[in-house]
Amino acid sequence: MNRFIFGFSATLLSAMLWPSLPPVSYLPYLFVGAIILYQKAPIYSGGLFAMVWLTGFCLGLSRQDLPVLQQPIQVRGEIISLVSQNSDWLSLDISIIKPNLILGPQAKLRLTWKAPLEVEVGQVWLFTLAPKSISSVLNQGGYNEQKQLISQHIVGKGRIIKAELLESRPSLRNRLITQLSPQLSTLPQGDILLALILGDKRLISQTRWQALRQTGTGHLVAISGLHLSVVTAWIYACTLFALTRYAPNPSRRNVFFTLVFSGVGAIFYAYLAGFGVSTQRALVMILLLMLLSLLKRFSSPWERLLFALFVVLLIDPLSCLSAGFWLSFCALAIILYTLETAPKPRPLTENVNLAVRFGAGLRQFWSIQWRLSLGLGLVQAILFGGMSIHSLWMNMLAVPWFSFVVIPLAMAGFALWWLSTLWGAPWIGLLRLSDWMLMPYDKLLDISGSLPAHWQAVPDSALAIGLFALLGGILWRYIPHHHKYWPWYGVMGCFFMPLIFIMLLKWLPLKSSSWTVHLLDVGQGLAVVVEKDGRGLIYDTGAAFGDDFSYSERVIVPFLRAKGIEEIDYIFISHSDNDHAGGAAVLARAYPQAQWITDVPNLGGQACRPNKIRWQSLNLSVLSPDTAIAGNNGSCVLRIGDGQQSILLTGDIEKETEARLVTQAQMQSTPLANQVLVAPHHGSKTSSTDAFIDAVAPELVLFPAGLANRYGFPKPAVIERYQRRNIMYLTTGEEGQISVIFQQNEQFVKTYRRDLAPFWYNRLFRFGDLINPE
């Protein structure tokens, strides 16, 4: 059985990194093969069952009869979550209600609602909405919203046009959240208390989340094994004490009732927490331990972890797309490995004093914590592109405080509040005490932002080197130190070669002839990063909306950190439109040493006038404008080349400026030809004239345009002009980030969806077409 479970889990996790899902036509053969192989090869049959289960699950999720056409539709759905809200807009998730859907995963939609009515979780509405794809911007180092939405079973987005309330049927958890949230919102630490008690994080602000990430203590506000274990242990201890004191019995009756009561309590707390991935894993392990205790059967901790992994993946195969899945299971694996490999302490007799016992427990706690900090730091770097430097000592302080003080007090306060509401007189006295006990933790979060290197970004190259070095260290740890294993030492040495190579490059830097232009996916906007020998140049910033959203902050800065580009020498801003200059303020703060070249008045810097600049052995030629011009035709036109190949960045110029550039090139007898062209004005009909295309004569044209944008860019007529000349074209909205590598006389093009991260969950999904296993 264990081998079958292992085969299932390993195969399903591997499928998450596979370019596509198993074809539907294979289902009958896989099913028959699983039955035949079960007796002979449990691991292989488990793998086949995983393929069948994953395919069927995804089919059930994607086949919801939702139209692909971008036209208003009506959907009946229950509000399951209020994601965010400001003065004008509400973002919410709904679960689609289909009367003919009896079993199978339920699809969800993420909707936005302007000037919404009063809504509550649990209400059922008939929505008329304008559908939208879940496909999001995709860039190296950036947040993959598309992957996160798929992990939550969200198959589409939409904008609510009108809505009609049908019924209201909030669950017990939703009613508790609705009643408790207003009272906790008045407490300084009410946001953390609500997350600890009911798993609802809506009160936690972005600033607070940033502090939680910087300290590496975000796991303390996500209900997981720590919280469930503490609550279950308290229920077990109190129940056993009461039964032993007031109803003693020599048989195992009291133990049986205690285990059952504790199990029910654990299930109820998991329900209050919303049955998140980490909660599911902890609940399965706790219930399995209780069941085996009742049956008087032994199972190793690793077997229980494997069974928990199997159950979680069986319930929801897509859960492994979420970061919480990996953090949860990796944390427990590290703890089990530490307990298994740590030196066995000498048995403590009854007459050993308390200080010795405390010292032994403290050493074990330290051993677990430093391994957790290093191990989860590496997982965090893989998932989020960075790690918290101070997580070790902060967790050393926070984990015991939460385990022995905060969590027990918060749950006791919740129980008393709930009982008092039944009597019609809500009392939050103990919750106020819990809030007061969280004050030291709040002070810790406050100082986290002022600590040096509170969040260390990890470039992809450094991460890869670290992973190779880790594999080498594992080999060194487990290879027997005997002369007959000398070939393995050669293999182990290969894992350290990248580290040695990078160190040599630091001491003996080498200049490369290759350079790369990255056209970033910033929706309906433009942002370009030119990379050469570890230094960068930026052309335009993408848009910014409101006070808390900027593509510079969400895309450009994380991309530069992922690529390890720390020095930005030049920032060109073509013109003042929001989709080109909206993130300028963010870049000014992030790279104060950069030299700005723009005609936008409030940005300062050098004016954009025809000029030649030598940068990193590349020629930067500013071609336009001759004088400051308002509007699109005043865009700063930049040509970048190495003497053999070049790219032309055109901003939003239209046919008037295109004609002037063509005439200017003819009069000065300087060719306007470039191998690569970033299409003017995102591919609008007012640009990319025939004369301009012929003068530039590109081999590749790139359209910076968002998927299904409201302007319809790039226009079909414009695409047809390039196609008539057999010019290859790519669009950021369909490809994600587009990187063009110039090397000698060749160009190599890599796109995010096809080359950089060609996983099935990064493909282009239309509305209602989440997963197509064909």
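Is Cys 320 buried or exposed? Select Cys 320 in this predicted model: its relative accessibility is 3%, so Cys 320 counts as buried. Then select Cys 238, which counts as partly exposed because its relative accessibility is 45%.

**Stop 1: the disulfide**

Select Cys 608 and Cys 636 and show their side chains. A disulfide joins Cys 608 to Cys 636, with an S to S distance of 1.9 Å. The count for the model is one disulfide. Turn the view to look at the S-S bond: the angle about it is 80°, and the link of Cys 608 and Cys 636 is right-handed. Now colour by secondary structure. Cys 608 sits in the loop between strand E14 (595–598) and strand E15 (611–615), and Cys 636 in the loop between strand E16 (618–624) and strand E17 (637–641), so the pair ties together parts that are 28 residues apart in sequence. Cys 608 and Cys 636 are both buried.

**Stop 2: loops around E16**

Stay in this part of the chain and select Ser 617, in the loop between E15 and E16. Ser 617 has a positive phi of about 65°, although it is not a glycine. With a relative accessible area of 41%, Ser 617 is partly exposed. Next, select Ser 624 and Pro 625. A cis peptide bond joins Ser 624 and Pro 625, with omega about 5°. Pro 625 lies in the loop between E16 and E17. As background, most residues other than glycine have a negative phi, and most peptide bonds are trans.

**Stop 3**

Go to Phe 713 and Pro 714. The peptide bond from Phe 713 to Pro 714 is cis, and its omega is near -10°. Pro 714 is in the loop between E20 and helix H25 (716–724). Then select His 681, in the loop between strand E19 (676–678) and helix H24 (690–696). His 681 is not a glycine, yet its phi is positive, near 50°. His 681 is buried, with a relative accessible area of 13%.

**Stop 4: aromatic pairs**

Show the aromatic side chains. A search of the whole structure finds 24 aromatic pairs. One of them is Tyr 570 with Phe 572, a tilted pair at 6.2 Å centre to centre with 35° between the planes. Tyr 570 counts as buried at 13% relative accessibility, and Phe 572 counts as buried at 0%.

Next, select Phe 703 and Tyr 729. Their ring centres are 6.0 Å apart and their planes stand at 75°, so the pair is edge-to-face. Phe 703 belongs to strand E20 (residues 700–703) and Tyr 729 to strand E21 (residues 728–731), so the pair ties together parts that are 26 residues apart in sequence. Phe 703 counts as buried, at 0% relative accessibility, whereas Tyr 729 counts as partly exposed, at 29%.

For a cluster, select Phe 268, Tyr 271, Phe 275, Phe 414, Trp 417 and Trp 418, which are linked by ring pairs.

**Stop 5: the nonpolar cores**

Which residues have the most contacts inside the largest nonpolar core? Select Phe 127, Leu 318 and Phe 325, which hold that place in a core of 54 residues. Helix H11 (residues 301–315) supplies the largest share of this core, eight residues. Show what surrounds Phe 127: among the residues it touches are Ile 73, Val 75, Ile 94, Leu 111, Trp 113 and Ile 160. Apart from this core lies another, of 48 residues, including Leu 193, Ala 195, Ala 211 and Val 221.

**Stop 6**

Select helix H10 (residues 277–295). Helix H10 has 19 residues and reaches 27 Å from its first C-alpha to its last, close to the 27 Å expected at 1.5 Å a residue. Just after H10, Lys 296 takes a positive phi of about 55°.

Then select helix H15 (residues 429–437), whose buried residues are Leu 430, Leu 431, Ser 434, Asp 435 and Met 437. These residues cover an arc of only 160° around the axis, which puts them on the same side of H15. The buried residues of H15 pack against helix H5 (172–184), helix H6 (190–198), helix H14 (391–422) and helix H16 (439–448).

**Stop 7: Asn 139**

Finish at Asn 139, in the loop between strand E4 (123–132) and helix H4 (145–151). Asn 139 counts as buried, at 4% relative accessibility. Select its contacts, which include Leu 520, Asp 521, Val 555, Gln 737 and Tyr 752. Asn 139 and Ile 97 are 42 residues apart along the chain, and their C-alpha atoms are separated by 34 Å.

Note on methods
Residues numbered from 1 in each chain as written. Predicted model: local features only at pLDDT ≥ 70, side-chain atom pairs only at ≥ 80, totals over all residues. Heavy atoms only, no water. Disulfide = S-S within 2.5 Å. Helix = DSSP H or I, 4+ residues; strand = E, 2+ residues; numbered from the N terminus. Buried < 20%, exposed > 50% of the residue type's maximum accessible area, 1.4 Å probe, protein only. Core = buried A, V, L, I, M, F, W, Y, C linked by side-chain atoms within 4.5 Å. Contact = heavy atoms within 4.5 Å. Expected span 1.5 Å × (residues − 1). Arc of directions from axis to C-beta. Phe/Tyr/Trp six-rings, centres within 6.5 Å; stacked < 30°, edge-to-face > 60°. Lists of a residue's contacts leave out its neighbours within four places in sequence.
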